[in-house]
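Please read them alongside the coordinates.

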Amino acid sequence: MNTIHKIKLAVIAALLLVAGVSCDKELDVAPVMTYDGQANMTIAELNQLHPVGSEDSFDSIPAGTVISGIIVSSDQEGNCYKYLTIQDETGGIQIKIDNSSLYPKYQIGQRIYVECKDLVIGDYRKNRQLGFWSSGSMAGIASSQEPLYIFRDGLVGAEPAPIVLNSKNEVTEDMLNRLVILKECHFANPGETYSDPAASTSRDIVMSDNSIIVLRTSNYAKFASQPLPNGTGDIVGILTVYNTTLQLTIRDLNDVRIANTPAVETVELYSVDFSNDPIANQGWSVLGDEGWFYYTQGAAFAIQNQATTAIDSWLVSPALSNLGGYDNVTLSMPNEQCQVTNGTAYKYYSVDFNGTDVNSATWTEIPSNGILPAEVTNNPNLRIAFRFNGINGDFWRISELKITGVTNN
Amino acid sequence: MDFANKFVHLHPIFINRISPMKKSFLAALILAFVCGTAFSQEDKSSKDSVTVQGTETVGTAFDSENVDDEETSTGGFVPGLLHSAQDVFSNNTSYTFSIAYFKARGIDARYQTVAINGIEMENLVTGRASYSQWGGLNRVFRWPENVLNLNPTTFAFGDLAGSTNFTTRASSYRKQIHANYSLTNRSYNNRLMLTYATGLMKNGWAVAASASTRFGSALSYVDGSSYLGGSYFLSVEKVFNSEHALNLSVWGSPTQRSLQSNATQEVYDLAGSHYYNANWGWYDGEKRNARIRTTFEPVFLMTYNFTPDNNKLQITANIGTTFGKQSTTSLNWANVPDPRPDYYRNLPSYYKDDPLLFNYYTEQWTTNENFRQIDWMSMYETNQLAAQLGNQAQYIVENRVISHVQAMANANIIANLTDHIKLMGGVDIRAFKQRNYKTINDLLGGSYWLNEDKYADGESPDNPYLLYDDLDNIGAHLGVGDKFGYDYAYHINRQNLWATAKFTYAHIDFHVGVNGTTTEMWRHGYMRNGRFPDNSQGNSEKKIFSDGGVKVGITYKINGRNYLVLNGLAQTMAPRVLDVFISPTIRNDYVSNLKSEKNLMADFSYIMRYPFMRMRLSAYYGMFMDVTSLFSFYHDDYGSYVNYAMTGINKRNYGFELGVEVPIGSMFTVYAAGTWGDYRYTNRPDVTITADNGYDILGNGESQYTETVYWKNFHVAGSPQVAATLGVKFNYKYWFVSINANYFDKIYADINPERRTTAARGTLSTDSPIYQSLIAQERLKGQFTMDASIGKSWKIKNSTLGFNISVTNLTNNKNLVTTAWEQRRFDYKNYDASKYPNKYYYAFGTTFYLGINYTFQ
């Protein structure tokens, strides 16, 4: 029985041992695609096969030609459409492919080889392209035929370093269809969208020497309706040509490296509608002596004292609670007529007025530039007041009044 | 030692064909066998370790008679070995685990030998026995002799998944009149079965007959399903004397039933049911199903038994034939979009970038039944319009016909040479022909159909004949019943010779068996196809495969309570004819590098039999090498239907099985059984891809493209790799009650080899999420189920009345995935694995089976 017991234990132990060894196998991984061959022509040499003329045209490519380059275009954001742009150290070329979703296979930084076979090199408005010549213009490789011409090689690598451009005048022909970076440039009209909704759109990029390179953006780009940023910075993109115009195509908004400093915007925060009695209807009140009134014909606040004894009449605004969060909150009263030469006129603000007793509140004079201090504009009980101590024909008339502020970013 | 040499002489071919590694494995098995002989001693206590002969017990709920016997609609799944009453693992799991499509040890049914009266019933094309040939005849196809796993077999060499032999000799049935009615909510709802047997009469004759019908589907889980089946069985035997007997058995089971579709999770979610069926649509006030399968494959079998009075010999010989048809209807269409409601372009996910359309499709799918089912009326309208214009019908229902005829003969011998040595052997010769073609079943209001292939490239200026499936009838207007598309036959001739010697001694039993098979196969085309006009018609080249096998095993009987059993089987097996032709529907060309498949399997068991506890603990290890597989799918990168021929697939299955039974008192038995397995691909097979459109889409000047599939260590799907059950049985005075809880896990989706190739990976980095989504193999969540049953029988004079009710999946778990697979189609354009997502079948929720039996003896 003891022997049997040992056998039992041994069997169970052996089984458990095998079970323990068994788990977690590493799953197989297919090798990446590679191209089994070499390029025998540079892209610059390929481009030289086709001198561009006044009309779009094409030239054939010698049999057995293989070129190689790194992809710099991407249709992921919809701005590049049905083409791949590749470049090597000598130049760049656009390959036309009749496939609208290339980016999953052909990512930026991917090296590809192109067996040119029956492809031709031609141009569209002087921008060189690889594809087929069909009815007077360049046509793309059919989607199903891609594997016959285009061969991916190895893992996706880094994007090639862009060529640095400070001026349009630095551009040479070998830079076309390559990645460039425009240094220290800005958009001529920031705030406009990248593209109009109806059609591809050109926007001017102003280089640091004021030369212009055009940003060309498809209306199908996912960022087409975004505004162009304000400010100066760098823009990366693929440089192309349209007849004589140099154009830049960005792949996505990460290519635009401009820290946006939007123009400060002046916002009207408060105004008096003088067509509608502000004293009766808009919260303004007359305190102290009688005097201030709504001058219907003139559509204005008005006060006048012909007498030889001075009066003390206050026109106090409603609480101005919406001025917070803005810079340079400014009171302006253009076309104000203040003929107070014998007496005195004051423009005040206060944050502790209780609504009835002007004398118990603390009033501070508004500086001559009309700017209300930041520490009071955030106070919801801020009021302004116009105090008239006029005599002997002094008068004051206010027909426009507004308070503006500037957005603080 | 002597015997080992003899074995080598018998099968030099086999030995030479296998690699050194496999040779060393064999050598180890032989060594084990030789050592076994050295230890042998004289003792009378012998035991047939796991071989089991069915014995009648009353009131067993999980009796083959009381089991829904239908093949599931996925095809291919055949229930495991029933009735291994003595085996504590198999006995408690074979029915219980079938809800999860469990395959013991992950081995497919094609590796199981199924015989009737000792002659194999395997369909030589599929490699599997078709249980539907005797569907509904449960009373007479009852209690087969089951040999589990690698144990020695008396009626055949055996196979990796064991062997089963049914006996239909009329004299083997007790005299009886038996009636059975069953009500269930599975494939069919009602079954009525009547059986009559005379037993062996004084005049030496015996007659047994059975008839049954299965019908109704209103209670079924699947919408739009239907079922109608009838079955007959007649067996007549003349026992001439104590030595000679001749028996004729004929049976058949004509059945017509509808099929259930499979779907993606999106579709199941939209339809709100895991049993959504895309195959039906309203027509004329009825749910009309486009997929109807009609099967009738009758069998005629003449059996001669010779048992000399000296009790030393037993000879069984059969001559028989099977023939018949299986036809399956399906929609077909031309120049119009795919009409199937769950086609991927009809689903919201196809419009995921367009919220308007996405919402529209979602709304229609969830609220409009007509939208998510087949729109028969619009197909009729389209066809009627086309007919008025004199044009081809745009939609039809086609009938895919598989008809076969087989002639077979065998003879088996069992010789008791001495008290210790038993010799068994046999010869089997058969010829099998299966013809495959399509006919038009319904023109759906159209006027005619053209025999053109919609996937062929019609624009090829070089070859205007590419389009035509039947070059000799170009432009013929085809009507209902006409053949179209393809028409070809597989021919297979097979001869088999086997022998097994079994030795029984005091503490050691052992056996050794050998097997030799030659298989000849070829294709015959009846249609000249426009894409392959020169090699689509007539006979292909004939291929002959010579295969062999050896089976050894040793049992060490420590005492009457404890046994150690080591069994092994090594064999080669001709590839299935289904896998050897590149494009069997239209071409006579073979896949290159065809080889016989090699199997090596061994298991080791510890068996304990005490009155207080019975147990079996086993470990098994099996290798499948040089497996061949062929399938077809639409290849997005090539824009063509392609044939995907894989050769040299290696797989490895190993695992453990444990079964324990503990009686508690005289009425209760508590049992537990479980298995943990690990089934994986172990190499990188080659695949040859050929485009079916006849156009040189690959552009390399060759008609085929070869690549490597990188799927080493991925899981082989097809069965839960973990399954366990815990239950209790109660048995008292013909009352039988049982309840059990089950758990299934390590259920994997079948992977698409194409997604594990360099072509599919492209240049993606292994850490990229896209890459991960392409190669990750889905593992389904493990699931619990519960079953219960109750049965009782009463003996009233000469008759027995009994009933039983069994309820499967008591907790109504509707989330058990039985089959999952990655679609073969793959989005090469966007590398979006979710475009053609995985498809699933789910196990039914709660199902019941109620049976009432009456037997008069």
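1. Terms for strands come first. Helices (H or I, at least four residues) and strands (E, at least two) are DSSP runs, numbered from the N terminus.

2. On provenance: this is a predicted model, in which local features need pLDDT of at least 70, side-chain atom pairs count only at pLDDT 80 or more, and totals for chains, interfaces and linings use all residues. Residues are numbered from 1 along each chain as its sequence is written, while chains are lettered from A and ligands numbered from 1 in the order in which they are written.

3. Overall form. Chain A has 5 helices and 29 strands. Its radius of gyration, taken over C-alpha atoms, is 38 Å, well over the 22 Å that the globule rule gives for 409 residues, so chain A is more spread out than a compact globule. That rule is 2.2 Å times the number of residues to the power 0.38. The C-alpha trace of chain A spans about 115 × 100 × 30 Å along its principal axes.

4. Burial and contacts. Two residues are in contact if their C-beta atoms lie within 7 Å. Of the contacts in chain A with a separation of 6 or more, 71% are between residues 24 or more positions apart.

5. Strand S21 of chain A. Residues 300-305 form this strand, and 5 of the 6 are buried, so S21(A) is largely enclosed by the rest of the structure.

6. Domains. Bounds come from an automatic or database domain assignment, which gives domain 1 (43-153), domain 2 (163-257) and domain 3 (266-407) of chain A. The C-alpha centres of domains 1 and 2 of chain A lie 22 Å apart, and 22 residues of domain 1 are in contact with 20 residues of domain 2. On the domain 1 side, strands S3 (83-87), S4 (92-98) and S7 (127-134) of chain A each give two or more residues. S4(A) gives the most, with 3 residues.

Key:
Buried ≥ 20, exposed ≤ 12 C-beta atoms within 10 Å, placed from the backbone.
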